[in-house]
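The following note sets out comments on the structure shown below, for a reader who works with coordinates.

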Amino acid sequence: MTRYGVEAWSAVLLEMRSLWEAHFREVALEQERVPLDPDLETYARLEQAGALHVLTMREGRVLAGYLVALVWPHLHHRGTSHAFFDLYYVRPAYRRWTAGIRLFREAERTLAARGVRRMIAGTKIHVAPTGRSLDVGPIFRRLGWVEMERQFGKWIGSW
């Protein structure tokens with residue numbers, strides 16, 4: 001039986017950290033240039049400020065997935081609470097049927113309950129080393145999301 005719950009960052013951090021390497025290896029580009037190096041101190045400060053929303057997906061006691069959002073007003077729209085999705089991941093063994101859809105729906109429900117009016121999330125657009133597309137855009141569209149903008153990146157300086 002799958003259970004979803006909002007949990008404190010500090011309470012679930014060790015369990016999430018045990019999944020970060022697999023999450024990183026699966027989705028990150030240019031891993032040698034940009035190594036996994038989370039700023040745990042800033043996450044702790046965000047938790048203290050009430051700006052973190054951590055949703056867990058559990059199968060029994062096993063952490064099967066998580067979604068972490070940063071919750072605060074948008075700098076251009078300070079009267080409107082936004083949730084900016086920072087991390088979302090479901091372990092491959094638990095990606096069956098509608099697991100991701102249910103995680104996003106539960107995030108919407110729990111974020112709305114805390115007054116969030118708009119959610120913003122990105123998706124990877126490349127293909128994983130396993131050959132699987134990482135683009136979850138079709139899931140977002142199925143849930144009523146609309147594509148708002150695209151991001152581009154460029155390395156500067158010498159490497």
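1. Helices here are DSSP runs of type H or I with at least four residues, numbered from the N terminus. On that basis, Glu106 belongs to helix H3, which covers residues 99–113. The model under review is a predicted one.

2. On confidence, the mean pLDDT of the protein chain is 93, and 99% of its residues reach 70 or more. Helix H2 (residues 40–48) has the highest confidence, at a mean of 98, whereas helix H4 (residues 137–142) has the lowest, at 91.

3. On the fold, the protein chain contains four helices and five strands. Read from the N terminus, these elements follow the order β-α-α-β-β-β-α-β-α. The radius of gyration is 16 Å, close to the 15 Å that the globule rule gives for 159 residues, so the protein chain is as compact as a globular protein of that length. The C-alpha trace spans about 45 × 40 × 35 Å along its principal axes.

4. Of the contacts with a separation of 6 or more, 61% are accounted for by residues 24 or more positions apart.

5. Which residues does Trp9 contact, leaving aside its neighbours within four places in sequence? Trp9 lies in helix H1 (residues 9–27). Its contacts are Met16, Trp20, Leu40, Tyr43, Ala44, Glu47, Leu52, Val54 and Val68. Trp9 has a relative accessibility of 3% and therefore counts as buried, the cut-off being under 20%. His53 is 44 residues away from Trp9 in sequence, yet the C-alpha atoms of Trp9 and His53 are 7.9 Å apart in space.

6. Is Glu106 buried or exposed? With a relative accessibility of 16%, Glu106 counts as buried, because this value falls under the 20% limit. Residues up to four places away in sequence not being counted, Glu106 touches Tyr4 and Leu55.

Definitions and conventions
Residues numbered from 1 in each chain as written. Predicted model: local features only at pLDDT ≥ 70, side-chain atom pairs only at ≥ 80, totals over all residues. Heavy atoms only, no water. Helix = DSSP H or I, 4+ residues; strand = E, 2+ residues; numbered from the N terminus. Rg over C-alpha atoms; globule rule 2.2 N^0.38 Å. Contact = heavy atoms within 4.5 Å. pLDDT = per-residue confidence, 0-100. Buried < 20%, exposed > 50% of the residue type's maximum accessible area, 1.4 Å probe, protein only.
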